[in-house]
Amino acid sequence: MKLFIYCAGGFGKEIFDTAKRINSSNEKWDEICFIDDNASLGHEFYGSKLFTFERVLEKFDLSSFEVSIANGEPFIRKAIYDKVKSNNIHLTTLVDNSAIISDTATIGEGVIVTSYCSVSSSAVVGNNVALNAKAIVGHDVRLGEHCVVSSLVNVGGACTVGENSYIGMGVQIKEGLVIGKDVIVGMGSVVYNDIPDDVI
């Protein structure tokens, strides 16, 4: 089985390293490669093979690989997710060996949990969510599909974050709040009140 990391960029490098750590103890993939829609990038990235999406569809049987989406923008994550799913390609969930995930938490399809994250009891992490290094997801939190939770974020217990929302680095969210969909919470913010949909 091959793993294709979709997007050859900075976050892609981080996901590559996460996948290598997972593979060191699990040996899940015989090869880790990249996909990017920018054909001008060539055929190699971060010391690994690089393909366009169209080339992957031409060259590989669908049962021989799975994909992880390595983009930090919720709307781009959603667009790639829809593209991959429409081609009946399996999206894998990557959880770094250092992460702590409660046995009672629910982790969706295509989720990325990077180094030293914590997902607490009864939390629900929706499909295609990305949790960056040292993010803390409290008990009973609900993270909607395609959200991106940046490094050093603390989402207090029983919060809800709507789909396609972006939580910037170092954000602290008070317990029990509702963050709407399509929201951007800027870096370093301390959130004490609910936030409606479609705002920054």
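Visitor: In what order do the strands of the open sheet of five strands run?
Guide: This is a predicted model, in which local features need pLDDT of at least 70, side-chain atom pairs count only at pLDDT 80 or more, and totals for chains, interfaces and linings use all residues. Residues are numbered from 1 along each chain as its sequence is written, and side-chain values use heavy atoms, with hydrogens and water left out. Strands here are DSSP runs of E of at least two residues, helices are runs of H or I of at least four, both numbered from the N terminus, and two strands pair if DSSP finds at least two bridges between them. The pairing in this open sheet is mixed, and the order is S3-S4-S2-S1-S5.

Visitor: Which strands stand at the edges, and why is one side of each left without a neighbour in the sheet?
Guide: An edge strand here has a single partner strand, so one side of it has no neighbour in the sheet. The strands in that position are S3 (44–45) and S5 (65–69).

Visitor: In which sense do S1 and S2 pair, parallel or antiparallel?
Guide: S1 covers residues 2–6, and S2 covers residues 31–35. Across the pair, Leu-3 stands opposite Ile-32 and Phe-4 opposite Cys-33. The two strands are joined over five bridges, and the sense is parallel.

Visitor: At about what angle does H1 run to S2?
Guide: Axes are lines fitted to C-alpha atoms, for helices over the stretch in contact (heavy atoms within 4.5 Å). Angles run from 0 to 180 degrees between N-to-C directions. H1 lies across S1, S2, S3, S4 and S5, and its angle to S2 is about 165°.

Visitor: How many residues of S2 are buried?
Guide: Buried means under 20% relative accessible area, exposed means over 50%, and partly exposed is in between, with a 1.4 Å probe and protein chains only. S2 is also joined by two bridges to the parallel strand S4 (residues 48–51), where Leu-50 stands opposite Phe-34. S2 is mostly covered, and of its five residues the number buried is four.

Visitor: Which residue takes a positive phi in the hairpin of S3 and S4?
Guide: S3 and S4 pair in the antiparallel sense over two bridges, and Phe-45 has Ser-48 as its bridge partner in S4. Two residues lie between the strands. The one with a positive phi, near 55°, is Tyr-46.

Visitor: Is Lys-2 buried or exposed?
Guide: Lys-2 lies in strand S1 and touches, among others, Trp-29, Phe-60 and Phe-65. At 18% relative accessibility, Lys-2 counts as buried.

Visitor: With which side chains does the side chain of Asp-96 make polar contacts?
Guide: Asp-96 is in the loop between strand S6 (94–95) and strand S7 (100–101), and is buried at a relative accessible area of 3%. A polar contact is a pair of N or O atoms within 3.5 Å; within protein, one must be able to donate a hydrogen and the other to accept it, and residues adjacent in sequence count only if both atoms are side-chain atoms. The partners are Ser-98, at 2.6 Å, and Arg-21, at 2.7 Å.

Visitor: How many residues does the largest nonpolar core have?
Guide: A nonpolar core is a set of buried Ala, Val, Leu, Ile, Met, Phe, Trp, Tyr and Cys residues joined through side-chain atoms within 4.5 Å. Among the residues with the most contacts inside the largest one are Leu-131 and Leu-143. Apart from it lies another core of 18 residues, among them Ile-5 and Trp-29. The count for the largest is 29 residues.

Note on methods. Lists of a residue's contacts leave out its neighbours within four places in sequence.
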